[in-house]
Amino acid sequence: MAKKKRAQRFYDYSLLFTIVFLTVFGLIMIYSASSYKAQISNQYGGNAAYFMNRQAMIALAGFLIMLFISKLDYHWYSRFAVLAYIMSFVLMITVSLVGKKVNGKRRWLVIGGIQFQPTELVKITLIVVLATVITMLGSRINEWRAMLLVIGLTIPVAGLVAANNLSSGIIICGIAFVMLFISTKRKLPFAICMGVGVAGIAFAGPIGHALEAVGILQSYQLSRINVWLNPEAYPKTGGFQVLQGLYAIGSGGLFGKGLGESIQKLGFVPEAQNDMIFSIICEELGLFGAISVILIFVFMIYRFMLIASNAPDLFGALLVVGVMSHIAIQVILNIAVVTNTIPNTGITLPFISYGGTSILFLMIEMGMVLSVSNQIKLEK
């Protein structure tokens, strides 16, 4: 009797290669952007490769975790959705009370000598929770009550995050927005929300002053809006980082000054290896390098869409959509901030900006996506 032919499973090596490429490129750019700062600072022992080495070690650990997760059955994640959701509240309340202060904000939690940002874990948790809930609701997601349930699950945790990290709160709301938009047939509410958002950007100045007057916006948040609208009026204070970043972008020209040849990283662009690393990419690699990086992210989004559309079930598709929305929103917001298209909100460029917590949890998300791809059957 002939043996039954075993179905072959898909594994997205194109996405895996893209992840490796972006991570390695990120390490190169981190070294280029931070070597001067690390070399002249006693805090880092004069080691020019301090930031790159630290990022490389965490990225390698994250890569191994990603490979392990990619071989798991992704349905397993939903079992811990409720526990993870509760833990998100516990961690965010804890960091608000006893978290480590950086630049006046409690965003870091230190447990057993390990320092991390709980907001990165909250993003993954919300993706799993919403994917689980929407899958359970099925066709009922088109009802107003079901949509309000998803919103009700998102707003409390997003509010806690936004209290100390507005940019992450925006990203969390964005993830929920995209997942709900994909899941439901009702599109009008989303169009209205997008219209309100565009209007909010167009009239950001008057709206910002009105919100500060009623106590919704803090003075430092209003100052970011003022700086965004007129950075030249604040060249030595809030507008300094924005203007130096724009100088870096403008001086790069078409093909850039060459890798490692940035002038703005020599103390002019604050934290060049973090939020503003895209400006250094523009200066050293020019418009050609900047567009190339954007196109690589576009290719990554395409691979996400391909996996989501071929996922074995709705839960798997929603997991990929959640991760895709996270990456897309963060890339768009980071580039928008660097180019002063929107107010400065302190958002890193995925896989490229320096940040141990960010790269570790990004790798975990990539493992989730690859685990969905690994369940796609090529033949029956």
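Predicted model: local features only at pLDDT ≥ 70, side-chain atom pairs only at ≥ 80, totals over all residues.

Residues are numbered from 1 along each chain as its sequence is written, and side-chain values use heavy atoms, with hydrogens and water left out.

**Helix 6.** I took helices as DSSP runs of H or I, at least four residues, numbered from the N terminus. Helix 6 covers residues 166-183, and its 18 residues should span 26 Å at 1.5 Å a residue, which agrees with end C-alpha atoms 26 Å apart. The expected span is 1.5 Å times one less than the number of residues. Among its buried residues I listed Ile171, Ile172, Ile175 and Met179; buried means under 20% relative accessible area, exposed over 50%, partly exposed in between (1.4 Å probe, protein chains only). The buried residues pack against helix 4 (118-137), helix 5 (144-164), helix 7 (188-202) and helix 12 (314-338).

**Helices 4 and 12.** I found their axes 9 Å apart, at an angle of about 145°. Axes are lines fitted to C-alpha atoms over the stretch in contact, and angles run from 0 to 180 degrees between N-to-C directions. The contact (heavy atoms within 4.5 Å) includes Ile127 and Ala131 of helix 4 and Leu318 and Gly322 of helix 12.

**Ile65.** I placed Ile65 in helix 2 (residues 50-70). Ile65 is partly exposed, at 34% relative accessible area. Beyond neighbours within four places in sequence, Ile65 is in contact with Leu360 and Ile364.

Note on methods. Helix = DSSP H or I, 4+ residues; strand = E, 2+ residues; numbered from the N terminus.
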